Amino acid sequence: HQKARLWRYCATAAIVLSQVAAVAFVGSVQAPRTPLKVQTCALSGPVGMTVAVLKEKLRERGLSTSGLKSVLIKRLEEAESQEPPRPGSGYSRLTVGQLKAKCAELGLTKSGRKADLVARLEAQAAVSVAEASFELRDEFHVGDKVMALLEEEEEEYEAVVQCNNGDDTYLISWTEDGYEHTQKAENMRLLKRAEKKFQFSAGDKVEGLYHEEDTWYPARVKCINDSGSYTILWEDGEEYEVEEKDLKPQTQPVALADLRPRQKFLGIVARTFSFGTFVNIGAERDGLLRPWFTYKGEEHNFKSGDKVQAFYEDDEDYYQATVYKDNGDGTFLIVWDEDGEEHVAKKNHLKLLRLSELEEGSKVEVFVESVMTDKDGQQKLFLATVAEKIGTKGPTRKVDLSGFEHIKADQWLTGKVIRLLPFGAFVQVAPPSGGKAAQGLLHIREIRDGFIPNLEDELSLGDTIEVRVKYLNSEDGVLHLSMMGG
């Protein structure tokens, strides 16, 4: 009986133990225990970080690491709230349906759990940002140092980007010799980004400050130098190095057709000739300021520094001079420009060329006097500093050209070159029937066919040449000559 009771007791205990084990197994399947790692992640963000990690994050942002953990958490949360979101950081807030729709829109796989969809979209966002960043880096800027392929040698050489041509090519200059070259972007790679953004690039039309005269002149940017300065080309082809602060965009010139009498401008005095002084007012061409329009009244009171033409009795001709002083007796002490010798001249032997204050490069307020079209169809601009004289005609020295009135267009005359100018020469020529010789203008275009870069290569003072009358206006005393056939 005791054995039977023992067997019954053991069987019952075995059954109970098996039932307990079964229940435990089922429970483990139905409600798995959350791993420690997953539980830790439940406290996301600064709240779930240790004090050491919090301090490291704060140091990365240059923030204070002092205080209790709660203070550190609050400080880091405030900093993170002000930072831009990382690419794709908003995907975790979307529903599974929204995530799948976004994946379909981007051509991505839609299968998987929510975490998989979020990770897939965040990875795609990071790739897009990287590609955009690469595209930005792939564009070269003026002043960048690059390695560029020289196709002829199939070798790369260092160069500086001078200009973006806008067609995926760039104008570069080789560092070794400064020569320019047009290169495709695909054959270039960046060495060093320019330290500053350059306002101008090669080929730009600008105005540059010429320090020797403290005056702005038109120019064109030739290249950007390693030092960050610019090399520019003046209109005469001369090179000049300037800093960016000494450059400004070249303004569009004012059309002569848009000018009206009495319009006021601030101009810059250019060169002076026997017939007047040219002034740059920013128009298509410089305006001529004739002496009559620079002083008030019928006669000018000469003063020291005035440029004049003075009559020299021994040669019976006029020469340029500068007034030194008024002698107070109707005569003036002058200095000849040619040799610097002094001479006493009567007032009626002086003709004003330019006032002393109208020195080359100085600024002057002028008015538009008139815009006229000459016989060749060229427009000419005339200026005045005295508004009251606009529309008037000053006294002119009578020139007798009657001896040239009946000359045929193909009749040749012998003349002598007496003055050279940038645009031509004055030639003294006598009428064939005899009489007093007169001065005629021989324009540079009337010397020979083709472009003449330097007049002195063609003519010299004192040359004897053959000319013919091209244009004659006896009333205004105008005589134009030509060395070319009719």
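Of the 486 residues of the chain, 33% count as buried, where buried means under 20% relative accessible area, exposed over 50% and partly exposed in between, with a 1.4 Å probe and protein chains only. The model is predicted: local features need pLDDT of at least 70, side-chain atom pairs count only at pLDDT 80 or more, and totals for chains, interfaces and linings use all residues. Residues are numbered from 1 along each chain as its sequence is written, and side-chain values use heavy atoms, with hydrogens and water left out.

**Overall make-up**

- The chain holds six helices and 25 strands. Helices (H or I, at least four residues) and strands (E, at least two) are DSSP runs, numbered from the N terminus.
- Contact means heavy atoms within 4.5 Å. Among contacts in the chain with a separation of 6 or more, 48% come from residues 24 or more positions apart.

**Helices α3 and α4**

- Two packed helices are described by the angle between their axes and the distance between the axes.
- Helix α3 spans residues 51-60 and helix α4 residues 69-81; they pack at an angle of about 40 degrees, with axes 10 Å apart. Axes are lines fitted to C-alpha atoms, for helices over the stretch in contact, and angles run from 0 to 180 degrees between N-to-C directions.
- The crossing of α3 and α4 is left-handed. That term applies if the near helix is turned anticlockwise from the far one by less than a right angle; clockwise is right-handed.
- From α3, the residues Val-51, Leu-54, Lys-55, Lys-57 and Leu-58 meet Lys-69, Leu-72, Ile-73, Arg-75 and Leu-76 of α4.
- By class, this contact of α3 with α4 has six nonpolar, no polar and four charged residues. Ala, Val, Leu, Ile, Met, Phe, Trp, Tyr, Cys and Pro count as nonpolar; Asp, Glu, Lys and Arg count as charged; the others, Gly among them, count as polar.

**Two sides of α4**

- The 13 residues of α4 should span 18 Å at 1.5 Å a residue, and its end C-alpha atoms are 18 Å apart, which agrees. The expected span is 1.5 Å times one less than the number of residues.
- Leu-72, Ile-73, Leu-76 and Ala-79 are buried in α4.
- Seen down the axis of α4, the buried residues fall within an arc of 130 degrees, so they line one face of the helix. The arc is that of the directions from the helix axis to the C-beta atoms.
- An α-helix has 3.6 residues a turn, so residues three or four places apart point the same way.
- The buried residues of α4 pack against α3. On the other side of α4, Ser-70, Lys-74 and Ser-81 are exposed.

**Ala-159 in a strand**

- Ala-159 lies in strand β2 (residues 155-164). It counts as buried, at 0% relative accessibility.
- Beyond its neighbours within four places in sequence, Ala-159 is in contact with Asp-144, Lys-145, Val-146, Ile-172, Ser-173, Trp-174 and Thr-175.
- Ala-159 and Leu-149 are 10 residues apart in sequence and 9.7 Å apart in space, C-alpha to C-alpha.

**Loop residues**

- Asp-168 sits in the loop between β2 and β3 (169-174). Its phi is positive, about 70 degrees, although it is not a glycine.
- Asp-214 is in the loop between β6 (205-210) and β7 (215-224). Asp-214 has a positive phi of about 55 degrees and is not a glycine. It is exposed, with a relative accessible area of 60%.
- Val-399 lies in the loop between β20 (379-384) and β21 (413-421). At 29% relative accessibility, Val-399 counts as partly exposed.
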